[in-house]
Structure formats: C-alpha cells, structure tokens
Amino acid sequence: MNAKGIIISATLICAAILPISAASKKPARRPAASSGPEATELLSRAREAYRDYDISEAARLLSQARNKRPDELTRDDIDRLEQEVTIARNSLDRIERLVILDSISVAKDDFLSRYRLPVSAGKISDGADDDAATGYMYTSESGDYRLWAAPDSLTGQQVIYESSQLMDKSWTAPHALTSLSQSGDAAYPFMMPDGITLYYALTGPESMGGYDLMIATRDGVDGDFLQPQNLGMPYNSPGNDYMMAVDEERGIGWFATDRDAPEGMTTVYVYKLNDLRKNYDPEEEEDLESRARLRDWRSTQGDEDYSALLEEIDNIPAGNDDEEADFHLPMPGGRVYTTYDDFQSIRARDLMESYVDDLDSYNDLLDQISDLRRQYHNRPSQAIKQRLAGLEKQQAASRTALRKKLSDIYKAEK
C-alpha cells in the first residue's frame with residue numbers, strides 16, 4: 001500500500017472511535033485500484049530491466065505487475081518472465097570463466113560465414129539443399145550422419161532429426177529426437193566427433209529467454225540421450241543464443257547471440273575451450289552481470305597475446321573439400337599445409353603420414369561403435385554391451401594418442 005493509502009486508512013480508523021456526529025462526515029475517498037502504472041507497463045519495464053541484466057529490478061517490477069491484478073494473458077506473460085528471471089538469477093552464481101578470442105558483429109542471415117570449422121569437425125549448412133530441413137544442418141566429417149531441425153507433423157514444434165547413410169548410399173528414415181525438445185523448439189544441432197556429445201539450442205521452460213544453448217550426452221549403450229543441461233552463463237542470456245560449434249583439435253569454439261545486437265544483427269563469439277569448467281567466484285567478482293553479459297570481452301584475455309591463434313583460425317579451410325589436398329593442417333603464421341611436400345622437417349612429414357593413417361583407423365573405430373550402438377538399440381545383448389565398452393575405451397586412448405601426435409608434428413616442424 002502506498003503512503004497516501006496508509007494516511008487514509010488511519011483517518012478512517014480514527015473516525016470509527018469519534019462521536020457519531022463527527023463520524024457522520026463524508027469520509028475521504030480511497031485512490032482507485034488502477035492508479036499508477038498498469039500491469040502491462042510494469043511488465044514492459046521488467047522486460048527492459050531484464051534485457052539490461054538488472055535482474056533484481058526485473059523481479060521487483062514483476063512483483064508489482066502481479067499485484068495489479070492483470071488479465072489472464074498478461075498473467076501468463078508475467079509467469080513466463082518470472083521463470084526466465086529465476087533461471088538467470090540461479091545462473092549468476094555459476095558463470096563460466098571463458099577467454100573470448102573475438103567478437104564479430106554480422107547480419108543474422110550471414111552469421112555462419114564467420115565460423116571457421118575445419119573438415120575434421122564436420123560441416124554446418126543452412127539446409128537449403130535438403131527438402132526435409134527447415135533450419136541448419138550438421139553433417140559429420142565422413143558425410144554419413146546428419147542432424148537437422150524441422151517441425152513435428154502433429155504439434156508443429158521444432159524437433160531435431162537424425163539420419164545415417166547405409167552401405168548402399170541410401171539414408172535411414174529420419175528419426176525424431178523428441179527427448180531433446182522439453183516442450184520447446186529444438187534447433188541448431190552440432191555433434192562432437194565422439195558421436196556422443198550434442199550441442200543444440202532450445203526454447204521453452206528451461207530457457208532464460210529465447211533460444212538457450214544446451215548440451216546432451218548420448219548413452220553409449222542404448223543410444224538414447226540423457227537429460228539435457230542448460231550451459232548457463234555466459235553462453236546464454238535474456239536474448240537468443242544458438243549454434244554452438246567446436247574445433248576440438250585446436251581447443252576453440254563459436255556461438256552466436258543477439259544480446260545487445262541491433263535488429264537484424266547477431267554477434268559471433270570465438271572462445272577458448274576449458275579442459276574443465278572454471279566458474280567465477282561470486283564472493284570475489286564485483287560485477288557478475290558484466291561477466292555474464294560479456295560486455296568487456298577483451299578483459300577475459302588478461303595479458304595474453306592471442307593474435308597468432310586468431311590468424312591461424314582465419315586460415316582454417318571452412319569445410320571446403322579440396323580434391324588435390326592430402327589434408328588441411330593450419331600452421332603458426334597463417335599458412336595451411338595441404339600436402340606432405342609442404343613440410344620442411346622430415347620427422348614432421350613422417351609423423352604426419354602416421355597421423356593420417358591413425359586418423360583413418362580412428363574413424364573406422366567410430367563407425368564400428370556407431371554400428372554396434374544401432375545393433376544394441378534394436379536387439380540388446382550382453383555380448384554387444386561388452387564389445388561396446390571395450391571399443392569405447394579404445395576410442396578414448398586413440399583420441400589421446402592423436403592429440404599427442406599432432407602436438408609432436410607442430411614441435412618437429414618448428
């Protein structure tokens with residue numbers, strides 16, 4: 001109740017204990033219930049505060065809006081924004097400490113051109129060449145596995161579909177990954193080379209606004225995805241955050257967001273991967289909102305000079321096949337090796353030949369694992385389960401060996 005209301009209430013109470021002749025005077029009128037900002041205006045101000053990362057002010061305005069007895073439609077909007085504010089508030093205590101390498105503002109319909117994914121990470125396309133896809137499509141390095149988003153035929157909700165290429169070059173019927181949707185629209189899929197870790201974007205009750213970036217892990221035995229997790233801040237924001245992509249070999253990633261972006265524009269962030277998640281300490285960090293917002297992204301680099309890494313990223317062939325190239329190996333200084341004759345060091349050349357052979361064997365291993373997962377999904381058995389467990393251990397060891405050999409190549413070529 002406002003101050004004026006309190007005074008009026010006190011006057012009425014006093015009137016009740018006065019003589020009847022005094023109490024018979026006409027009482028002062030209460031202010032109308034609709035005085036002050038209406039619920040819709042308060043809701044609008046709460047949205048603006050939330051977009052500006054003033055989470056406490058947004059919560060206060062939403063509480064005021066609810067007290068204005070809004071209509072059903074406005075009440076639903078208040079409920080939804082309160083959900084988003086709650087998710088954001090909880091995320092402020094778990095903001096990941098990222099090193100942002102670059103921030104690129106680009107037209108929204110051209111954001112993908114700023115992703116410099118190597119061939120080994122797979123390919124992202126706009127799906128225009130595929131009749132089934134309405135959004136962006138991920139294709140594996142080997143070209144025999146695809147993920148894309150399209151509306152569900154019954155609900156109209158965006159669902160992520162997958163399909164695999166068979167030995168006769170035909171494709172399996174699209175399989176809807178409905179467990180990823182969670183009453184929202186799922187889109188922008190990207191599968192890691194391990195075939196287990198999936199990044200995608202999701203709207204709905206698990207989002208802090210628009211699309212949020214999610215991570216889901218596929219069960220290596222039955223092929224189903226486990227409960228997806230929101231990546232939290234600073235990846236996600238009150239705006240739309242989408243299209244996470246990762247170059248695991250070089251330890252870099254990309255994601256797009258329209259937070260703080262003009263209409264029709266988006267921002268692509270390039271960042272360094274953390275081996276383990278490291279969060280800011282809420283007790284030590286003075287401005288958590290600024291860290292979550294990535295307002296001063298250059299400060300995340302500290303005193304490090306990442307210009308050589310940025311140059312290397314710029315020279316990564318963006319998923320374009322070169323029939324004359326034996327491989328694509330970005331080197332310090334911006335040059336990209338594509339044939340064995342490019343090497344100055346004989347040892348580096350020999351290591352590269354071994355690396356290419358090992359990489360072929362690793363990809364064959366991934367194919368075996370994928371086939372066994374499908375077999376187990378269709379007809380579970382203890383024998384297949386044990387075989388899968390053994391191959392997955394072999395996969396982890398092979399991946400570690402490949403990373404070491406790649407590091408040895410760079411050292412030998414210095």
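This talk covers a sheet, a hairpin and a charged surface patch. One caution before we start: the model is predicted.

Let's begin with the sheet. Four strands make it up, in the order β7-β8-β9-β10. The sheet is open, and the pairing is antiparallel. Which strands sit at the edges? They are β7, residues 186-191, and β10, residues 229-230. Each of these pairs on one side only.

As a reminder, strands of a sheet pair through backbone hydrogen bonds, either parallel or antiparallel.

Now look at β8 and β9. Strand β8 spans residues 197-202, and β9 spans 212-217. Six bridges join them, and they run antiparallel.

On to the hairpin. The strands here are β11 and β12, with four residues between them. Strand β11 covers residues 241-247, and β12 covers 252-257. Five bridges link the two, again in antiparallel fashion. Asp247 faces Ile252 of β12 across the pair. Watch Gly251 in this hairpin: Gly251 takes a positive phi near 70°.

Is β11 mostly covered or mostly open? Mostly covered: seven of its seven residues are buried.

Last stop, the surface. Four acidic residues gather there in a patch of negative charge. They are Asp54, Glu286, Asp287 and Glu289. Find Glu289 in helix α6, residues 288-293.

Definitions and conventions:
Residues numbered from 1 in each chain as written. Predicted model: local features only at pLDDT ≥ 70, side-chain atom pairs only at ≥ 80, totals over all residues. Heavy atoms only, no water. Patch = residues over 30% accessible without salt bridge, like charges linked within 9 Å, V, L, I, M, F, W, Y side chains within 5 Å. Areas by Shrake-Rupley, 256 points an atom, 1.4 Å probe, with all protein chains shown as cover. Salt bridge = Lys/Arg side-chain N within 4 Å of Asp/Glu carboxyl O. Lys, Arg positive; Asp, Glu negative; His and termini not counted. Charge placed at Lys NZ, Arg CZ, Asp CG, Glu CD. Pairing = 2+ DSSP bridges. Buried < 20%, exposed > 50% of the residue type's maximum accessible area, 1.4 Å probe, protein only.
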